[in-house]
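User: Could you take me through this one and tell me what the labels rest on?

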Amino acid sequence: MARKFHYNKNKFKLALQAAGIRKGDRVFGHFATLKLGFPEELAQGVSAFDVIYQAIMEVIGEEGTFLTPTYTYSLCKGEIFDPDTTPSSVGPFGETFRQLKGVKRSLDPIFSVSGIGPAVDDLFHDLPHDCFGEDCLFDRLGKAGVKLCNIGLDLYWTTS
């Protein structure tokens with residue numbers, strides 16, 4: 001039985017570009033990889049994560065910054081949060097991403113975010129202890145002109 005594929009890296013790159021993502025952009029993205037279906041590259045042993053991640057990085061380039069949620073809700077659950085080892089609770093994309101070499105993670109024990117690229121250090125530097133409000137990470141993302149790119153998510157995307 002032939003496997004049906006739904007997209008490939010080049011089509012994903014074109015979709016990102018059609019959505020306004022450009023070289024050098026700062027992008028906060030959350031992707032429900034299972035809802036996207038199967039990439040053609042799966043037939044060559046390339047994972048959906050790798051297809052999506054490579055497409056993003058090729059579009060934004062080395063001068064771009066990519067961030068994704070790696071929320072844990074650890075504090076809310078009374079659990080210890082270790083940014084190096086506590087797994088993300090919001091899907092396999094962020095969990096795989098946070099483990100890549102060069103990726104940094106914010107220290108928020110509820111809404112941690114992981115990122116790679118030249119803007120990460122400034123965005124994560126000396127964050128307040130509040131998840132929301134003045135100068136929190138999400139405030140900084142807005143002030144830095146970060147583009148949001150969420151694909152395959154329902155209305156309740158932070159908990160899916």
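**Strands and a salt bridge**

User: What stands opposite P69 in strand 4?

Analyst: That's V113. Quick note: this is a predicted model, where local features need pLDDT of at least 70 and side-chain atom pairs count only at pLDDT 80 or more, while totals for chains, interfaces and linings use all residues. Residues are numbered from 1 along each chain as its sequence is written, and side-chain values use heavy atoms, with hydrogens and water left out.

User: How do you know that strand 2 and strand 4 pair?

Analyst: Strands are DSSP runs of E, at least two residues, numbered from the N terminus (helices are H or I, at least four). Two of them pair if DSSP finds at least two bridges between them. Strand 2 (residues 65-69) and strand 4 (residues 113-116) have four bridges, in the antiparallel sense, so they pair.

User: What makes strand 3 and strand 5 edges?

Analyst: The five strands run in the order 3-4-2-1-5 in an open sheet with mixed pairing. Strand 3 (104-105) and strand 5 (147-151) each have a single partner strand, so one side of each lacks a neighbour in the sheet.

User: Why is the E58 and K13 contact called a salt bridge?

Analyst: The rule wants a side-chain nitrogen of Lys or Arg within 4 Å of a carboxyl oxygen of Asp or Glu. For E58 and K13, N to O is 2.8 Å, so the pair qualifies. E58 sits in helix 3 and K13 in helix 1 (residues 9-18), 45 residues apart. By this rule, the count is eight salt bridges.
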